[in-house]
Amino acid sequence: MINDSSQGGLPAVAGRSCRVPEPGAVEAEFAGADGTLVQRRWVEAAVAVRFEQLQPVAAFPVVPGRRWGPGWWWSATTGGHVPHGSQAMCMQLMLLDRDPQVVGLSARPVRLIWRDPDSRRTLTWVPQVFARYADGRALLADCPATAEPAAGRAARADAVLGAACAAVGFTYRRLPVPDAVVAANVRWLAGYRHPRHRDAGGLEQAVLEAFTAPRALMAGAAAAGEVLTALPVAYHALWSGRLSADLSRPLGEHTLVSAGRPDPAEDDAEQEREQHAR
């Protein structure tokens, strides 16, 4: 285990703006099944631990005077709640939740610990989000509120976590801030993410058939049945990817909507998520 009294230096990787420890010298701290903290070598924990199933290793701080505090995101992917600590993080959870390849999500599941090769100080970093993909890939990520490059402590953590994750086949990223229009559209569609909207009024098949050929959103909803019932079904299909539209432009009655993902395997996966949510 790393501790401040250790006198030995860690091996380092050169050729970066800051030297980073070898991945084998990085450790991981996470909550065990009984809630107690467990510390293991990162390269071992990354293989053995299902980070998408863990509770946060540390609570999100409440900052006095800030209008946005910690909250919970109900995930259509997991059928459960994922905590978040900022508006920027909540937005990224929405985007990951909408990705059909994401099968697991968690918040702050692990703290990485290492000794800085230059200062010899023990440093730590808790990435905000973990995502597991259907093909087994894994993502550790942070959710900055602006597009400004990482600086200071965040820049050093970026280098260390990037190298540590690459060594075990994971990816570490500072997730890009989405365009404002895309964010607004995804936020709207997220209101219809729950499986109860999938076949509201028994209109699922009619809605999908209405958009077999591209047509305006409102026209397709009217063709499928009663508009106020058909629209939530269409929004859920746009959320899940079974219908598609250009979300870089404001979503409205004239938005051109067409058939989306044809993959039956993914459709089966959504059905399983629906059963789980119930």
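In the predicted model, Glu204 is found in helix α5, which spans residues 204-210. With a relative accessibility of 16%, Glu204 counts as buried, because the cut-off for that class is a relative accessible area under 20%. When residues up to four places away in sequence are not counted, the residues touched by Glu204 are Arg198, Asp199, Val233 and Arg242.

The largest nonpolar core has 45 residues, of which Leu96, Leu105, Val207, Phe211 and Leu243 touch the most other members. Helix α7, covering residues 227-240, supplies the largest share of this core, namely 8 residues. For Phe211, once its neighbours within four places in sequence are left aside, the contacts are with Ala216, Leu217, Gly220, Ala221, Ala234, Leu243, Val257, Ser258 and Ala259.

The packing of helices α6 and α7 was examined next. The two helices pack at an angle of about 120°, and their axes are 8 Å apart; α6 and α7 are therefore oblique to each other, since an angle of 65 to 115 degrees would count as roughly perpendicular and one over 145 as roughly antiparallel. The crossing in which α6 passes α7 is right-handed. On the α6 side the contacts involve Leu217, Met218, Ala221, Ala222 and Ala224, which meet Val227, Ala230, Leu231, Ala234 and Tyr235 in α7. Ala221 and Ala234, which take part in this helix pair, are also in contact with Phe211.

Ala222, which lies in helix α6 (residues 217-224), is partly exposed, its relative accessible area being 45%. Between Ala222 and Ala210 the separation is 12 residues in sequence, and the distance from C-alpha to C-alpha is 8.9 Å. Thr255, by contrast, has its place in the loop between β14 (243-245) and β15 (256-259), and this residue is buried, with a relative accessible area of 11%. Apart from neighbours within four places in sequence, Thr255 is in contact with Arg215, Ala216, Leu217, Ala245 and Pro250. Of these partners, Ala216 and Leu217 are contacts of Thr255 and likewise of Phe211.

Turning to the strands, an open sheet is formed by 4 strands in the order β4-β3-β8-β9, with antiparallel pairing. The edge positions are held by β4 (37-41) and β9 (122-125), each of which has a single partner strand, so that one side of each is left without a neighbour in the sheet. From one strand to the next, the twist averages 25°. Strand β3, made up of residues 27-31, is joined to β4 by 5 bridges, and the two run antiparallel; within this pair, Glu29 stands opposite Gln39 in β4. The hairpin of β3 and β4 has 5 residues between the strands, and there Gly35 takes a positive phi near 90°.

Helix α3 (residues 152-167) lies across β8 (111-115) and β9, and runs at about 80° to β9. Strand β9 is thus described both as an edge strand of the sheet, with a single partner strand, and as one of the strands across which α3 lies.

Note on methods. Residues are numbered from 1 along each chain as its sequence is written. This is a predicted model: local features need pLDDT of at least 70, side-chain atom pairs count only at pLDDT 80 or more; totals for chains, interfaces and linings use all residues. Side-chain values use heavy atoms; hydrogens and water are left out. A nonpolar core is a set of buried Ala, Val, Leu, Ile, Met, Phe, Trp, Tyr and Cys residues joined through side-chain atoms within 4.5 Å. Buried means under 20% relative accessible area, exposed over 50%, partly exposed in between (1.4 Å probe, protein chains only). Contact means heavy atoms within 4.5 Å. Two strands pair if DSSP finds at least two bridges between them. Axes are lines fitted to C-alpha atoms, for helices over the stretch in contact, and angles run from 0 to 180 degrees between N-to-C directions. Angles under 35 degrees count as roughly parallel, over 145 as roughly antiparallel, 65 to 115 as roughly perpendicular and the rest as oblique. A crossing is left-handed if the near helix is turned anticlockwise from the far one by less than a right angle, and right-handed if clockwise.
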